[in-house]
Amino acid sequence: MKNMFKKKVIIPAFLCIVFISTTAFKNDFFEIAKQIEIFTTLYKEINMNYVDETNPADLMDTAIKSMLDDLDPYTRFMNEQDVEAARINNTGDYTGIGARVKTLKDKLVIVEPYKDYPADKAGLKAGDEIIKVGDITVSDYKDDSGNLLQGASGSMVEVTFKRNNQTKTATIERAEVEIKAVPHYSLVDKKTGYVVLSKFNRKASAETSYAVRDLKAQGAERIILDLRGNPGGLLNEAVNIVNLFVPKGQLVVTTKSKVKKYNKQYFTSRAPLDTEIPLVVLIDGSSASASEIVSGTLQDLDRAVIVGNRSFGKGLVQRPKRLTYGTQVKITISRYYTPSGRCIQSLDYWNRNENGEAVRVKQENYNEFKTKNGRKVFDGGGIFPDVAIDKIKNTTITKAILSSGLIFDFATDYYYKHPSLSIDNFKLTDTDFNDFKTFLKKNNFSFTTDTEKALYKAYETSINENLNDAIKPSYEALISTLRTSKDEAINEHKSFILKSLTEEIVKRYAYREGLYEYYKNNDAHIQKSVQILGNTMTYMDYLR
């Protein structure tokens, strides 16, 4: 594996000089210069002499990606479009139609229109397939067709789209769009406030502070902070959010790197909002990075009860470095550690298995740490909740169903078949579940298990060894049994499927805001949190 790594990195190594300090390489600068010269010569000769036409930009893109692929998935080259997307993610502001859009080869699909923004005002709905923007047909556009929807605030754009096999048009007036870090907050009951923090952009701590203060003014005496599905963002914002609930001068996170200037300790620097209010933090397998800093630190300090499922386990810190022509590289520069000393990174990208895959830290290799009150916590596998809620296992079939897009498509069909549905007490039935299974078959849904892959490979080997006639009956019997078990697996994941369908359908009728309202009455994590916060002794017992 080590030799493979050298082979991949050696070709585009000259790029390192752009963004890595020469000080870090003072002992082997000659080797870097040597590899730069080798690559430059190779690149020139290929582009000048290869038998077919080459695209220099594509070759370079492949070289860069090949180099970075052997590091970790967070160290990435960013072209100008990527840089702009990162800016939007960090600031939460952009100009456009106000909708989450999926770009496909021949169409742009509206995934989620934002309430009261231009796309919504123009009547576009989730599931609409934009096939033409102005005079440009999406299928004929060679670049990223999503860019066609961008433009100056106040400018108009006409879109042609398909809905329920009908072709329609709409004229949209672009506007400034604000993506809130806190898309929802409200009272669950008279004394319990609920705050959803969906990302750590530059407004995250300010919006969280406002939400908590407003809820307290409405009578909230305890808070649920929902970080489920939050992939992280700005480190300083994570520190500031912890600061809302702990005193000034408290260590929140430490970063450690081979480069001394990146070794830092981050302390709270402001007067807190409330250091006494009972607090529950919700996490799940998609809570990562800054979400884990907040939940992990509040857990280490015994300042909050963590409820939900184990978090993602991203203990790596990235920093963007400017390159030429408006591009950047985002580099993993350090690991972060919570106040107890934990690094919760769960995947080891530097000691891969024989297939070149990052390996998960094994439970027997977890290290034990102590919270402020002496409770045991562990590193190596994300943040473990104090109160675990039954988790739906992420299996081959759940991944296949999610990636197929058929939950989204079924919700679209459901919405138009039930135009006047009330979601107040909305529950999908067994009939709906059977309808979805029929929908899967109608759309030729299929997936291949690892077991099937292994059997296929074994059977191919038997053909090469002329043994296939002898094992063919057994092979076909095993494949038949597997197909039956795959059908049964759909039934076994009924709760996962119904939950995913419910969430997608509720958004069709009540936008994302309505989904959060639906959660307050129907979500097991929130109900458990209310129960914990409603009993002072129960709450304190979790923190002792």
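Is Thr-327 buried or exposed? Thr-327 is buried, with a relative accessible area of 13%, where buried means under 20% relative accessible area, exposed over 50% and partly exposed in between (1.4 Å probe, protein chains only). This is a predicted model, in which local features need pLDDT of at least 70 and side-chain atom pairs count only at pLDDT 80 or more, while totals for chains, interfaces and linings use all residues. Residues are numbered from 1 along each chain as its sequence is written, and side-chain values use heavy atoms, with hydrogens and water left out.

**Overall dimensions and composition**

- The protein has 17 helices and 23 strands; helices (H or I, at least four residues) and strands (E, at least two) are DSSP runs numbered from the N terminus.
- Along the principal axes, the C-alpha atoms fill a box of roughly 75 × 65 × 60 Å.
- Of the 544 residues, 45% are buried.
- Contact means heavy atoms within 4.5 Å. Among contacts between residues at least 6 apart in sequence, 68% join residues at least 24 apart.

**Surface and charge**

**Nonpolar cores**

- A nonpolar core is a set of buried Ala, Val, Leu, Ile, Met, Phe, Trp, Tyr and Cys residues joined through side-chain atoms within 4.5 Å.
- The largest such core has 85 residues, and those with the most contacts inside it are Leu-197, Leu-279, Val-281, Val-294 and Leu-298.
- Helix α15 (residues 494–522) gives the most to this core, with twelve residues.
- A second, separate core has 16 residues, including Ile-97, Ala-119, Ile-130 and Val-157.
- Beyond its neighbours within four places in sequence, Leu-197 is in contact with residues that include Ala-181, Val-182, Leu-225, Leu-227 and Ile-241.

**Loop between β17 and β18**

- Thr-327 lies in the loop between β17 (316–322) and β18 (328–337).
- Leaving aside neighbours within four places in sequence, Thr-327 contacts Phe-77, Met-78, Asn-79, Glu-80, Val-83 and Arg-322.
- Tyr-325 is found in the loop between β17 and β18 and is exposed, with a relative accessible area of 75%.
- Phi of Tyr-325 is near 55 degrees, a positive value in a residue other than glycine.

- Phe-433 is in helix α12 (residues 430–442) and is buried, at 4% relative accessible area.
- Not counting residues up to four places away in sequence, Phe-433 touches Ile-490, Asn-491, Lys-494, Ile-497 and Leu-498.
- Ser-420, in the loop between α11 (406–417) and α12, counts as exposed at 72% relative accessibility.

**Another positive phi**

- Asp-116 has a positive phi of about 70 degrees although it is not a glycine; Asp-116 sits in the loop between β4 (108–113) and α6 (118–121).
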